[in-house]
Amino acid sequence: MDISAQMLIFATVVERGSISAAARTIGQTPSAVSKQIGLLEDQVHYRLLNRTRTGVSPTQEGQEFYEKCKAMAEKFREAEALIL
């Protein structure tokens with residue numbers, strides 16, 4: 001999976017508040033989503049999420065990164081709407 005797809009997954013995780021909820025939204029397993037988030041964190045060299053038993057929340061760096069990912073996701077949806 002490329003980094004842009006991982007960024008879209010990351011945005012979904014932050015918006016849904018948990019890896020499981022994001023996985024249900026995008027039709028993947030929680031372990032697959034978690035793996036992609038881990039790979040993204042390795043790529044950017046920052047921990048992006050604080051993980052707890054009850055869900056996830058972005059770190060300070062993660063919140064800033066989320067804002068960029070959110071903007072990218074919105075642009076993607078706009079482009080997708082043009083062709084659907």
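Trainee: At roughly what angle do the axes of helix 1 and helix 2 cross?

Mentor: Please bear in mind that this is a predicted model. The axes of helix 1 (residues 3-16) and helix 2 (residues 19-26) cross at roughly 120° and come within 8 Å. Helix 1 is therefore oblique to helix 2. The crossing in which helix 1 passes helix 2 is right-handed.

Trainee: Which residues make the contact of helix 1 with helix 2?

Mentor: Helix 1 contributes Ile9, Thr12, Val13 and Arg16, while helix 2 contributes Ile19, Ala21, Ala22, Thr25 and Ile26. Of the residues in this contact, six are nonpolar, two are polar and one is charged.

Trainee: How many salt bridges does a search of the whole structure find?

Mentor: In general, side chains of opposite charge can pair when their charged atoms come close. Here the search finds two salt bridges. In one of them, Arg51 pairs with Glu41, and the closest N and O atoms are 3.0 Å apart. This pair links distant parts of the chain, for Arg51 belongs to strand 1 (residues 49-52) and Glu41 to helix 3 (residues 30-44), ten residues apart.

Trainee: Is Glu41 buried or exposed?

Mentor: Glu41 counts as buried because its relative accessibility is 10%, and buried means under 20%.

Trainee: Where do Lys75 and Glu78 lie?

Mentor: Both lie in helix 4 (residues 60-83), three residues apart, which is about one turn of the helix. Lys75 and Glu78 form a salt bridge whose closest N and O atoms are 3.9 Å apart. Lys75 is exposed, with a relative accessible area of 56%, whereas Glu78 is partly exposed at 46%.

Note on methods:
Residues numbered from 1 in each chain as written. Predicted model: local features only at pLDDT ≥ 70, side-chain atom pairs only at ≥ 80, totals over all residues. Heavy atoms only, no water. Axes fitted to C-alpha atoms, helices over the stretch in contact; angles between N-to-C directions. Helix = DSSP H or I, 4+ residues; strand = E, 2+ residues; numbered from the N terminus. Parallel < 35°, antiparallel > 145°, perpendicular 65-115°, else oblique. Left-handed = near helix turned anticlockwise from the far one by under 90°. Contact = heavy atoms within 4.5 Å. Nonpolar A, V, L, I, M, F, W, Y, C, P; charged D, E, K, R; others polar. Salt bridge = Lys/Arg side-chain N within 4 Å of Asp/Glu carboxyl O. Buried < 20%, exposed > 50% of the residue type's maximum accessible area, 1.4 Å probe, protein only.
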